[in-house]
Amino acid sequence: MNKRTLAVLSTALVASFTLGATGCSSPDKSGARDGGAKNPATANAGTMVGGTPQKGGTLTVLSNQDFEHLDPARNWVVNAMEFGTRTLYRTLVTYKAAPGTAGGELVPDLATDLGTASNGAKTWTFRLKKGVKYEDGTPVTAQDVKYNVERSFSPDLPGGADYAARYLKGAEGYQGPAQGKHLDSIKTPDDHTIVFELRKPFAEFPSATVMPTFSPVPQAKDKGPQYDNRPFSSGPYKIESYQRGKKLVLVRNTHWDVSTDQVRKAYPDKLVMVMGLKPNQIDDRLIASQGADASAVSWGALRPESAAKVLPNAEVRGRLIAESTNCTDMVQMHTGRAPFNQVKVRQAVQYALDKELVLTASGGPAFNDLSTAYMPATLFNGKQPDTLKIPAAGNVEKAKQLLKDADKPDGFTTKMTVSNGDKGRAEAIQQALGKVGIKVTIETVDPSAFYGTIGDTKNRTDMIYTGWCPDYPSGSTFLPFVFDGRYIKEKGNSGNHSLFRDAPTMKRMDEIAAMTDAKQAAAAWQQLDGEILTKAPTVPVLVRRWPLVLGTNIAGAYGQTSFGGQLDYATVGLKDPSKSQG
């Protein structure tokens, strides 16, 4: 029995246990469960696990990977954003440190409030708190925030959030501050005031300033691409050492003033992330929770294969958090290359895909909900629509007919790039597409290099398995980033990995963005989601949970719902710091 079969078998057993023990039915089209049955993986949902931490000690983070980026101008992967903005750098605005829906509340961070709009929401003014200092004791200034926003335009710093490029007035063609050029649309009348002038009204702009792009970087500390290795801290911790791919050690920033920070508790004295571990070893160590591992947490989600060791065990299950990522996994197809430039070929993939098979490979219904739309259920008032009404197991005959209509009756060969951790899901997709003659070769990439690999639009494969998360609760942070062809980059491309360039879709996006009625805009985004589905640039597959097993000495722990269910490093700490090591 090869590794894939063993993995699928184990997750099937987990699904069987979960449904049999709790009386759960399979998830319906929205991902909800009927009969009021409880999902054993979500017993701690919306709650803080372990009580209130004590100050001190060392929190250990066990990881199989390095960060893609810690440079705030380049950090746009949801869990890395959460870690960076909770430990190393502060943003103008952030999310409240609280479990459940309370974690979606915007609160001031560097700024004194959530910003002041003028000129019909085309001008936004933020005033910075006084007393916020970097790790060397120098003050954080408005000019430093402006500088980091500007450097996010630099061609040698790809990968970061591009809200500034999309909305700032006069930003077209700007290449960053390296040659002494600055954006006139960002004004800093004094050290504690920053003003953004937008090219169109944007009532949601404060939500965009949660992004690391809107954190400070002093120009004197900028080292271009090397800044990734040693960001300069404005948060409660600073980097003591960082060996890429091996170990990151954070210690207290003694100049951080808690009186200026209503979000971060900074309970541990030190955070140590150990990288390069095998995922199965991480799971087993945290399940056992012996010695130093009692004071440890996992960076990555629990492997599907490990669920059978967790869900039947009440003690371990009590240390499990598993919030929804609120992110949609998708199979993205290169719409600019044959054969995926044919809509019937892409639709054939929609019908051929057996999502139930992928669900099983992903850990079953305890850790995943099937997706029938692009945007997650939170952007559909809690329930995704089923526009296409394709069976969850697919429709092989319909897929074969679509291939025949596209002059591909015998199918074709193609390649798909996935992150190492998604190999099992990719093999399930490979198996399903193989039934209609689409022969897929899987190429796996280390997670720390994944987004750089798929963001190289000239050298990437024709299929990609990845996902997208709304940055805040609005369709404007999902559909335009995944399907607007005007922001595709040759290098460092994000979101639109189908390279979809559809004029009617982009025209409609502009019309919705101009709407001033939030309810009208939300309904319009929902309708557009279904319209894009019929053109099939990507196939929505799953919305995962982010299951994390905690060591027995961990306190203050919950999945931050606004950061994809990742552990909130603003509040996590230890029950007894004296029991930690390091």
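A charge sits over a ring if NZ of Lys or CZ of Arg is within 6 Å of the ring centre and within 35 degrees of the ring normal. In this predicted model, the charged end of Arg 166 meets that rule with the ring of Tyr 487, sitting 4.0 Å from its centre. The charged end of Arg 166 also sits over the ring of Phe 481, again 4.0 Å from the centre.

Side chains of opposite charge can pair when their charged atoms come close. Arg 166 forms a salt bridge with Asp 162, with the closest N and O atoms 3.1 Å apart. Arg 166 counts as buried because its relative accessibility is 6%, and Asp 162 is buried at 9%.

In one of them, the rings of Tyr 167 and Phe 202 have centres 3.8 Å apart and planes at 5 degrees, so the pair is stacked. Tyr 167 belongs to helix α4 (residues 163-167), while Phe 202 is in the loop between β7 (193-197) and α5 (205-208); the pair thus links distant parts of the chain, 35 residues apart. Tyr 167 is buried, with a relative accessible area of 10%, and Phe 202 is buried at 5%. Phe 481 itself stacks with Trp 468, because the ring centres are 5.9 Å apart and the planes lie at 20 degrees. This pair links strand β16, which holds Trp 468, to helix α14, which holds Phe 481, across 13 residues. Both Trp 468 and Phe 481 are buried. Tyr 167 and Phe 202 are also part of a cluster linked by ring pairs, together with Trp 124, Phe 126, Phe 196, Phe 205 and Phe 214.

Salt bridges number 32 in the structure. One of them joins the side chains of Arg 264 and Asp 109, at 2.7 Å from N to O. Arg 264 lies in the loop between β9 (247-252) and β10 (270-274) and Asp 109 in the loop between β3 (106-108) and β4 (116-118), so the bridge ties together parts 155 residues apart in sequence. Arg 264 is buried at 1% relative accessibility, and Asp 109 is buried at 1% too.

Another salt bridge brings together Asp 456 and Lys 491, at 3.2 Å from N to O. Asp 456 is in the loop between α13 (447-454) and β16 (463-468), and Lys 491 in the loop between α14 (479-483) and α15 (503-513), 35 residues apart. Asp 456 is buried, with a relative accessible area of 13%. Elsewhere, salt bridges with shared partners join Arg 90, Asp 109, Asp 261 and Arg 264 into one network.

Methods:
Residues numbered from 1 in each chain as written. Predicted model: local features only at pLDDT ≥ 70, side-chain atom pairs only at ≥ 80, totals over all residues. Heavy atoms only, no water. Salt bridge = Lys/Arg side-chain N within 4 Å of Asp/Glu carboxyl O. Helix = DSSP H or I, 4+ residues; strand = E, 2+ residues; numbered from the N terminus. Buried < 20%, exposed > 50% of the residue type's maximum accessible area, 1.4 Å probe, protein only. Phe/Tyr/Trp six-rings, centres within 6.5 Å; stacked < 30°, edge-to-face > 60°.
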